[in-house]
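Reader: Please go through the labels used for this model and say what stands behind each one.

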Amino acid sequence: MSSEVDRTRGNDDGIRGTARGTAPVPLSVLDLVTVGAGNTATGAVRTAVDIARTAERRGFHRYWVAEHHSMPGVASSSPAVLLAHLAAHTSCIRLGSGGVMLPNHAPLVIAEQFGTLEAMAPGRVDLGLGRAPGTDGATAAALRRTERLHEGADDFPQQLLELTRFLDGSFPDGHPYAKIHAVPGPVQATSPGGVQSPHRPPLWLLGSSGFSAQLAGALGLPFAFAHHFSAANTVPALDLYRSSFRPSEVLAEPYALIGVSALATEDEREARRQVMTGALSMIRLRTGRPGLVPTPEEAAAHDFSDRERDFVDGWLGNVIHGTPDTVRQGLDDLAKRTGADELMITANAHGSAARLRSYELIADAYGLPQG
């Protein structure tokens, strides 16, 4: 393994990262591939490539994209397609889903997609799985071709078991799927002359409440918590994950990352101006009016009602923003308060320049390598 790959991958299990510079824990990136007013999905994908390459150059551990549907301002409806594109433009940063919404898809399809990604980028693909639909109920029904949304306590563990068996080629004899194989996958090693990659994408469970935290702990899997939109539940969920944890072949000890909304700018007022675009986007989404990410000028001109201002105050209370020193202190405090093993930063702003600059400033604040 080259020293450059070693620098970004950290430990050989493909899960635990290495803190760089003065960062308290490994730093990573969550990208929603947002589309701002006046911009296109093509431009959003180009920005995603720029962010992934910046993150790789500056020593961030991993870069994930999340599955969302029917949201004009979010161009990440197809994580596997985006990750294939990003794999072609990067060389060593871990790439993954944060996450694929398992109930939306047949487990065999996910196993095939991520087996293909693993063939494209051996040893650097993560498969993060969520239980929610990543959209509204009607869109979820359209995705699944059924009115019954399979995301309950009984369905999700069964779907997860099926996916794991496809990834590992481990259905028992007599199982209806015993002779069905996800390709690329383990079956290739058992074919005459077959040689199979030693890597298999590690599974992560994602959540914003206690269900996935407890399940991830019981299965000995790494856990990712959506602090960026469920901050009140972060500490209880991480405590539940750790108390539920049982060592497995994957992990001997718990490993939890949290998603964090953070934006750094050279000027405090500019940071506030930029993050207001995300706050207005969330107001529109929560009131059934999803759209493109508004410009800072549009957000500044919006006449917020008293109820909307209360929402903004609560929302921005969980967005770490300001100068690089302010953001660094906020991230340090959050890591200490939660005990998270990794911070996955999402920079929500209208334009690509502000988001890219923010990751550079945060890297500089922690003395991450220039690459």
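This is a predicted model: local features need pLDDT of at least 70, side-chain atom pairs count only at pLDDT 80 or more; totals for chains, interfaces and linings use all residues.

Reader: Which residues of α4 and α6 meet, and how do they divide by class?

Author: On the α4 side they are Pro107, Leu108, Ile110 and Ala111, and on the α6 side Gln159, Glu162, Leu163, Phe166 and Leu167. By class, the contact of α4 with α6 has 7 nonpolar, 1 polar and 1 charged residues. Glu counts as charged, which places Glu162 in that class.

Reader: Why are α3 and α4 called roughly parallel?

Author: Helix α3 (residues 79–89) packs against α4 at an angle of about 5 degrees, with the axes 10 Å apart. The limit for roughly parallel is under 35 degrees, and therefore α3 and α4 take that label. Ala80, Leu83 and Ala84 of α3 make the contact with Gln113, Phe114, Leu117 and Met120 of α4. This contact has 6 nonpolar residues, 1 polar and no charged.

Reader: What makes α13 and α14 roughly perpendicular to each other?

Author: Helix α13 (residues 324–338) and helix α14 (residues 352–365) cross at roughly 70 degrees, and their axes come within 9 Å. The range for roughly perpendicular is 65 to 115 degrees, so the term applies to α13 and α14. From α13 the contact takes Pro324, Val327, Arg328 and Leu331, and from α14 it takes Leu361, Ile362 and Ala365. These residues divide into 6 nonpolar, no polar and 1 charged. Arg counts as charged, which accounts for Arg328.

Reader: How many cavities of 30 Å³ or more are counted, and what makes a space a cavity?

Author: The count comes to 1 cavity of 30 Å³ or more. In a cavity a 1.4 Å probe fits but cannot get out. The largest cavity holds about 40 Å³ of space.

Reader: Which residues line the largest cavity?

Author: The lining is made of Arg165, Phe166, Gly169, Ile180, His181, Ala182, Pro186 and Val187. By class it has 5 nonpolar, 2 polar and 1 charged residues.

Reader: Where are the cis peptide bonds from Gly98 and from Val183, and what are their omega values?

Author: A cis bond joins Gly98 and Gly99, with omega about 5 degrees. Gly99 lies in strand β3 (residues 94–101). The bond from Val183 to Pro184 is also cis, with omega near 0 degrees. Pro184 sits in the loop between α6 and α7 (187–190).

Reader: What is the phi of Val33, and where is Val33 placed?

Author: Phi of Val33 is near 50 degrees, which is a positive value in a residue other than glycine. Val33 is in the loop between β1 (27–31) and α2 (41–57).

Definitions and conventions:
Residues are numbered from 1 along each chain as its sequence is written. Side-chain values use heavy atoms; hydrogens and water are left out. Contact means heavy atoms within 4.5 Å. Helices (H or I, at least four residues) and strands (E, at least two) are DSSP runs, numbered from the N terminus. On a 1 Å grid over the protein atoms alone, a cavity is a set of points where a 1.4 Å probe fits but cannot get out, and a pocket is an open set with protein on both sides within 12 Å along at least five of seven lines; lining residues have an atom within 4 Å of a point. Grid points are joined across faces, edges and corners, and a volume is the space filled by probe spheres set on the points. Axes are lines fitted to C-alpha atoms, for helices over the stretch in contact, and angles run from 0 to 180 degrees between N-to-C directions. Angles under 35 degrees count as roughly parallel, over 145 as roughly antiparallel, 65 to 115 as roughly perpendicular and the rest as oblique.
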